[in-house]
Structures are given as C-alpha cells and as structure tokens.
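Subject: Structure for you to look through

Hello,

Please keep the model open while you read.

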Amino acid sequence: VEFVRALRRDEPALAARWAASISDPDRRNREIERPYREWLAADPAAAADWLARSSLPPEMKSKLGEKK
C-alpha cells in the first residue's frame with residue numbers, strides 16, 4: 001500500500017498506466033482516477049494524450065476527461 005501511495009505521489013503518470021492495466025474493472029476504476037488527476041495537473045497535454053490513446057472503456061475515458 002505504501003508503495004502505491006509513493007508511486008501516486010512521485011510518478012502519477014506511471015501510477016495511472018499501472019492502474020489501467022488492472023484486469024478487474026471495478027478495481028481498475030477505483031485505482032486510476034487519483035493518479036490520473038495528479039498527472040493531469042502536472043502535465044495536462046501528456047495525460048490527455050494518454051487518455052485518448054488508452055484502451056479504457058469509453059465511460060471511464062469520459063469520466064476522467066471531465067473537468068474537476
């Protein structure tokens with residue numbers, strides 16, 4: 001758990017990519033939002049580009065793409 005928290009804090013892009021690889025849809029959706037938002041704040045263009053190219057389901061892409 002501590003590793004995941006450190007990854008989210010220090011490497012949000014890597015954490016988001018890791019979370020996207022989780023096969024269980026419920027867990028993946030829970031794990032991806034926070035690091036993606038942190039990545040989006042740090043590097044909006046890269047985060048948005050990754051989201052557009054990701055294999056996430058359309059409803060998750062839409063949720064993450066909403067401005068918060």
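Helix α1 (residues 2-10) and helix α2 pack at an angle of about 125 degrees, and their axes are 5 Å apart. Helices here are DSSP runs of H or I with at least four residues, strands are runs of E with at least two, and both are numbered from the N terminus; axes are lines fitted to C-alpha atoms, for helices over the stretch in contact, with angles that run from 0 to 180 degrees between N-to-C directions. The angle makes α1 oblique to α2, given that angles under 35 degrees count as roughly parallel, over 145 as roughly antiparallel, 65 to 115 as roughly perpendicular and the rest as oblique.

Before going further, please note that this is a predicted model, in which local features need pLDDT of at least 70 and side-chain atom pairs count only at pLDDT 80 or more, while totals for chains, interfaces and linings use all residues. Residues are numbered from 1 along each chain as its sequence is written, and side-chain values use heavy atoms, with hydrogens and water left out.

Where α1 and α2 touch, L7, R8, R9 and D10 in α1 meet P12, L14 and A15 in α2, contact meaning heavy atoms within 4.5 Å. The residues of this contact divide into 4 nonpolar, no polar and 3 charged, where Ala, Val, Leu, Ile, Met, Phe, Trp, Tyr, Cys and Pro count as nonpolar, Asp, Glu, Lys and Arg as charged, and the others, Gly among them, as polar.

Helix α1 also meets α3: the axes of the two come within 8 Å and cross at roughly 30 degrees, and α1 and α3 are therefore roughly parallel to each other. In this contact V4, R8 and R9 of α1 meet E31, R34, P35 and E38 of α3, and the residues divide into 2 nonpolar, no polar and 5 charged.

Next come the aromatic rings, of which the structure holds 3 pairs. Rings of Phe, Tyr and Trp (its six-membered ring) pair if their centres lie within 6.5 Å, and planes under 30 degrees apart count as stacked, over 60 as edge-to-face and the rest as tilted. Y36 and W50 form a tilted pair, with 6.0 Å centre to centre and 35 degrees between the planes. Because Y36 lies in helix α3 (residues 25-42) and W50 in helix α4 (residues 44-53), this pair ties together parts that are 14 residues apart in sequence. W39 and W50 form another tilted pair, at 5.5 Å centre to centre and 45 degrees between the planes; W39 lies in α3 and W50 in α4, so here the parts tied together are 11 residues apart in sequence. Ring pairs link Y36, W39 and W50 into a cluster.

How buried are these residues? Y36 counts as buried at 2% relative accessibility, W39 is buried with a relative accessible area of 7%, and W50 is buried with 15% (buried means under 20% relative accessible area, exposed over 50%, partly exposed in between, with a 1.4 Å probe and protein chains only).

Finally, look at A16, which lies in helix α2 and is buried, with a relative accessible area of 0%. Not counting residues up to four places away in sequence, A16 touches I32, P35, Y36, W39 and W50.

Best wishes
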